[in-house]
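Let's take a walk through this structure together.

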Amino acid sequence: MTKASRKERERELRRNDIIDAAEKLFFSKGYDNVSMSEIAKEADMARATIYQYFKNKKDINAAIAGRGAQILYEMFEKIPEDLTGIENIRALSKTYYQFYKQHTGYYNAYYHSGAFEYEDSPYLEELKKLRKKNFQYVIKAIKKGFKDGTIRKDIDPAATTLIMILISNNVHNILPLTRMYMDEYNMTQDDLFEVNVDQIIRAIENK
């Protein structure tokens, strides 16, 4: 290993140490409640050292969101390829919900920390690429359903995918008023998710 490659490896290790430290704090305390000083302390580094690797806290969060996007991509990759289009949509919906439940911190970084509000992050372009790949999984499933006859051909794949994502995110992020109604009718979040998926399937299924 050359001296240059050794230095680059050391930089990568230190960069990952910073991301690991920030993850731990963001996931336990919330993004808004963590300072760069706290991240530096958790990473056992000087605050000035953190800025040699990341411009600001948002920059670190973009890297964390990228990790989340990669996890979701790998989860989508495990969905069997022999499903029909409509079966694939159900599987993708369930996988996305599992991602939210099992990796809530990454989910929050992925969607709810303003990752697309700062264009100067070097980690943003990679995050965008991964998110577009994940988006394409749903579009491909819809088009597959067109071919095998399980999904209506009169729907727009991109618009339908966007609506599905918007509805799903509302199920994941339940407002206090919605929670009140759920409690009134003894409905859990899992119950709401199942109803949501059934409604989506009924709306796009070719009967």
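A patch here is made of residues with over 30% relative accessible area and no salt bridge, with like charges joined within 9 Å and nonpolar side chains (Val, Leu, Ile, Met, Phe, Trp, Tyr) within 5 Å. Lys and Arg count as positive, Asp and Glu as negative, while His and the chain ends are not counted. Each charge is placed at NZ of Lys, CZ of Arg, CG of Asp or CD of Glu. Accessible areas come from the Shrake-Rupley method with a 1.4 Å probe, and for residues only the protein chains shown count as cover.

Before we look, keep in mind that this is a predicted model, where local features need pLDDT of at least 70, side-chain atom pairs count only at pLDDT 80 or more, and totals for chains, interfaces and linings use all residues. Residues are numbered from 1 along each chain as its sequence is written, and side-chain values use heavy atoms, leaving out hydrogens and water.

So where is the negative charge? A surface patch of it gathers Glu74, Glu77, Glu81, Asp82, Glu87 and Asp148. One of these, Asp82, sits in the loop between helix H4 (57–77) and helix H5 (85–102); helices are DSSP runs (H or I, at least four residues), numbered from the N terminus. Asp82 counts as exposed because its relative accessibility is 67%, and the cut-offs are under 20% for buried, over 50% for exposed and partly exposed in between (1.4 Å probe, protein chains only).

Now go inside. A nonpolar core is a set of buried Ala, Val, Leu, Ile, Met, Phe, Trp, Tyr and Cys residues joined through side-chain atoms within 4.5 Å. The largest one has 58 residues, and Ile39, Ile60, Ile89 and Phe99 have the most contacts inside it. Several helices supply at least two residues each, among them helix H1 (3–29), H4 and H5. H4 gives the largest share of this core, 10 residues.

What ties charged side chains together? The structure holds 9 salt bridges, each a side-chain nitrogen of Lys or Arg within 4 Å of a carboxyl oxygen of Asp or Glu. In one of them, Asp20 pairs with Arg67, their closest N and O atoms 2.8 Å apart. That pair links distant parts of the chain, with Asp20 in H1 and Arg67 in H4, 47 residues apart. Asp20 is partly exposed at 38%, and Arg67 is partly exposed at 22%.
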